[in-house]
Amino acid sequence: MGATDGDKGDGGTGRTTEAGGGATDVTGTTGATGAGSSPAGGQWFPPEWAGRIRALWAGELVPPEPRRAATVMLLRDGPFGGAPVEVYLLRRRASMAFGAGAHAYPGGGVDPRDEEWDDAAGWSGPDRSRWAARLGVSESVAQSIVCAAVRETFEESGVLLAGPHGGGVVADTTGDDWEVDRRALVDRELSFSDFLARRRLVLRSELLAPWTRWITPEFESRRYDTWFFVAALPVGQRARNASTEADRTLWTAPGEAYAGYRRGELLMMPPTAATLRELAESVGSAEPEAVRTVADGRDLSPVLARTRREDGQIVIHWPGYEEFEKRMPDPDAGGGAEERR
């Protein structure tokens, strides 16, 4: 999952853009209403989770197989080229079946054709074997994940991490001909490698760096095994709300966005809030291009929620991310504590 610049707003909301252009302040408009409450204020929390967790414990719910997905944290210099860096976020429409109203990064599910490759389409940077070793998957799966990260970023923000043979990155993707191809990709009328081959472009995998991996909880009805990447916004390109899934986008400092989440002003799922906090803590005054170096060596072991019964409550927790722990009444509890998957 997806600008033009407006003024820097207060309350951690940063600079925001409507789908049709024009900057708008969204302070106070994106609280967690309709999605349950949480200790962190802006944590996305579907009210049906409690019932689904009890059904999972009772053996009445079979966890769906998670679909592979990729998402990209686009970064750029802060205002006037200063620190801290800014990250690009979009807000998912209230009509979305998954993550409605939540802020997220451009990204989405792997298309089966992302594992295919037209020999006329170029690939630069680490080869498939190196990506496979880093992500802990087969070469074909590694290719599909990297391809999905670049494709989904283009589909949802108009930013394309590709360039001509011989080096460089495409400088402008805003023309009508680009929009025709982008729509064909969204509608799955065109594979990404065919798109690159048609335009004689090379996928610049070296512009991506893997940051973390999260798997949707077993009790969710829609599950994703998602790799999060960081990438600097290419010089000359401009992010825009090209996605039909988002109603707003914003550029903001990671620390400001996380603070807005803590105050309940920006609704987020745990992976988004966690990566914003990690960026704020790890990047500091680093330039966007240097963030890929910060990402090197990060642990990519998947983060998966666990559940337990404790003192008459259902407890959801994400190992290593205690700030997202959620407690709910459990009418079926018999006392004591019991750890569950």
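This is a predicted model: local features need pLDDT of at least 70, side-chain atom pairs count only at pLDDT 80 or more; totals for chains, interfaces and linings use all residues.

Colleague: How far apart are the ring centres of Trp214 and Tyr321, and what is the angle between the planes?

Modeller: Their centres are 4.9 Å apart and the planes make an angle of 50°, so the pair counts as tilted.

Colleague: And which strands do Trp214 and Tyr321 lie in?

Modeller: Trp214 lies in strand β10 (residues 209–215), and Tyr321 in strand β16 (residues 321–329). The pair therefore ties together parts that are 107 residues apart in sequence.

Colleague: Which residues form one aromatic cluster with them?

Modeller: The cluster is formed by Trp214, Tyr258, Tyr261, Trp318, Tyr321 and Phe324.

Colleague: How many aromatic pairs does the count come to?

Modeller: It comes to 14 aromatic pairs. One of them is Tyr88 with Trp251, a tilted pair with 5.1 Å from centre to centre and 50° between the planes.

Colleague: Where do Tyr88 and Trp251 lie?

Modeller: Tyr88 is in strand β4 (residues 86–92) and Trp251 in strand β12 (residues 246–252), so this pair ties together parts 163 residues apart in sequence.

Colleague: OK, switching to helices. Which residues of α4 are buried?

Modeller: In helix α4 (residues 176–186), the buried ones are Trp178, Asp181, Arg182, Ala184 and Leu185.

Colleague: Why do they line one face of the helix?

Modeller: Looking down the axis of α4, the buried residues fall within an arc of 160°, so they line one face. As background, an α-helix has 3.6 residues a turn, so residues three or four places apart point the same way.

Colleague: Which exposed residues does the face turned away from the buried side carry?

Modeller: That face of α4 carries Asp176 and Val180.

Colleague: And what covers the buried residues of α4?

Modeller: The cover includes α3 (139–157), α5 (192–199) and β9 (201–204).

Colleague: What is Asp181 in contact with, leaving aside its neighbours within four places in sequence?

Modeller: Asp181 is in contact with Leu190, Phe195, Arg198 and Arg199.

Colleague: Let's look at α5, then. Which residues are buried there?

Modeller: In α5 the buried residues are Phe192, Ser193, Phe195, Leu196 and Ala197. What covers them includes α3, β8 (162–164), α4 and β9.

Colleague: What comes after each of these helices?

Modeller: α4 is followed by Arg188, which has a positive phi near 60°. Just after α5 there is Arg200, with a positive phi of about 55°.

Colleague: Where is the place of Arg200, and is Arg200 buried or exposed?

Modeller: Arg200 sits in the loop between α5 and β9. It is exposed, with a relative accessible area of 67%.

Colleague: What about Asp311, what is its phi?

Modeller: The phi of Asp311 is near 55°, a positive value in a residue other than glycine. Asp311 is in the loop between β14 (306–310) and β15 (313–318), and at 61% relative accessibility it counts as exposed.

Colleague: How many residues apart in sequence are Asp311 and Asp330?

Modeller: They are 19 residues apart in sequence, and their C-alpha atoms are 9.0 Å apart in space.

Colleague: Last topic: how do the axes of α2 and α3 cross?

Modeller: The axes of helix α2 (residues 128–135) and α3 come within 8 Å and cross at roughly 90°. The two helices are therefore roughly perpendicular to each other.

Colleague: Which residues make the contact?

Modeller: From α2 there are Arg128, Ser129, Trp131, Ala132 and Leu135, and from α3 there are Glu139, Ala142, Gln143, Ile145 and Val146. By class, the contact has six nonpolar, two polar and two charged residues.

Technical notes:
Residues are numbered from 1 along each chain as its sequence is written. Side-chain values use heavy atoms; hydrogens and water are left out. Buried means under 20% relative accessible area, exposed over 50%, partly exposed in between (1.4 Å probe, protein chains only). Helices (H or I, at least four residues) and strands (E, at least two) are DSSP runs, numbered from the N terminus. The arc is that of the directions from the helix axis to the C-beta atoms. Contact means heavy atoms within 4.5 Å. Axes are lines fitted to C-alpha atoms, for helices over the stretch in contact, and angles run from 0 to 180 degrees between N-to-C directions. Angles under 35 degrees count as roughly parallel, over 145 as roughly antiparallel, 65 to 115 as roughly perpendicular and the rest as oblique. Ala, Val, Leu, Ile, Met, Phe, Trp, Tyr, Cys and Pro count as nonpolar, Asp, Glu, Lys and Arg as charged, and the others, Gly among them, as polar. Rings of Phe, Tyr and Trp (its six-membered ring) pair if their centres lie within 6.5 Å; planes under 30 degrees apart count as stacked, over 60 as edge-to-face and the rest as tilted.
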